[in-house]
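User: Can you help me learn to read the features of a structure? I'd like the general idea and then the real case.

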Amino acid sequence: MNVHNSIVDAIGNTPLVKLNRVTKGIRGTVLAKVEYFNPGNSVKDRIAIRMIEDAEKRGDLKPGGTIIEGTSGNTGFGLALTAIAKGYKCIFTMADKQSKEKIDILRAVGAEVVVCPTNVAPDDPRSYYSVARKLNRDIPNSIYPNQYDNLSNREAHYDTTGPEIWRDTDGRITHFAASVGTGGTISGTSKFLKEQNPNLFTLGLDTYGSVFKKYKETGLFDPGEIYPYLTEGIGEDILPQNVDFSVIDQFIKVTDKDAAIMARRLSREEGLFVGWSCGTAVHGALEWAKDNLTDDDVLVILLPDHGTRYLAKIYNDTWMKDHGFLEDRSFKTARDIIR
Ligand code: PMP
């Protein structure tokens, strides 16, 4: 029988899908690596299982153990699914600015969620980082994976995402693009692909309010680059250990608005119902491709997650208008016409 022994066996081997409409006017072939096909609907399933299995191998996590992470979203969901398959408990600490849906999703798959105040410094004992560390110290047989600095993160992509892309393009990929948060996706995937083809070009997509682009260009960590932004899962005010700047050739920044509009276009024009940072990746990569891609080039853009988590935000027209992201007031719905 062709069966999976548990849901975690269904992680990876996500499809590459050609983009046909949003790429109008761009030369070469543009393919999307659609990570919402993972069981937790995001790229983060890959690192969840890897961080857990590496902790098992080191002997840090034994049967009946507890996984503790400060996370609001995709990584938590991936850890929770893997924990179910392997018989572990999960406790997630989350800042209270996070939406109720995110807490409900994690609780739905059996995780315990501890809600902590948002407006305290990271080293305050009440912050979600500090509470996670304290729980890890006090609960025996528990691990705190720390996706930012745990190199199992980028190794998961070196071992799975990179080889899958190389295999599925028959080695014809010439350019790779991904949005950057912990840096694990882009660093592990790009390292593998550059080892196969040293001429491969890797583009990192950053957001306004994050430090990566400036750091790549100047080698300086500039606190002036740090300010609030809305896109979730990408951009940082720290330099995580998982970002390997040596395998990222260039960074481009994308606004919250351009990312939101492109995510909506991917849903409506390509049938790819994707998350906000997928819009970041595609908008930035296509802007770059306009001037740089040639007919024989094959660009792969990684799309990290699914659109459901963003229904109340970028897929809600009222929310979009309130944020000044939908300016076309001439747009009429059937309801406007009946009225
Ligand atoms: N987009 C989303 C929605 C994410 O959750 C993440 C993970 N933080 C990323 C992009 C970036 O991936 P990485 O952490 O591997 O850089």
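User: How many bridges join strand β3 to strand β4, and do these strands run parallel or antiparallel?

Analyst: Strands of a sheet pair through backbone hydrogen bonds, either parallel or antiparallel. Here β3 (residues 66–70) and β4 (residues 89–95) run parallel, joined by 5 bridges. One of the bridge partners: Ile67 goes with Cys90 in β4. Strands are DSSP runs of E, at least two residues, and helices are runs of H or I, at least four, numbered from the N terminus. Two strands pair if DSSP finds at least two bridges between them. By the way, this is a predicted model: local features need pLDDT of at least 70, side-chain atom pairs count only at pLDDT 80 or more, and totals for chains, interfaces and linings use all residues. Residues are numbered from 1 along each chain as its sequence is written.

User: What is the strand order in the open sheet?

Analyst: The 4 strands go β5-β4-β3-β6, with parallel pairing. At the edges sit β5 (112–116) and β6 (142–143), each pairing on one side only.

User: At what angle do helices α8 and α9 pack?

Analyst: Helix α8 (residues 256–270) meets helix α9 (residues 276–292) at about 95°, with axes 7 Å apart. Axes are lines fitted to C-alpha atoms over the stretch in contact, and angles run from 0 to 180 degrees between N-to-C directions. So α8 is roughly perpendicular to α9, a label for 65 to 115 degrees.

Terms used:
Angles under 35 degrees count as roughly parallel, over 145 as roughly antiparallel, 65 to 115 as roughly perpendicular and the rest as oblique.
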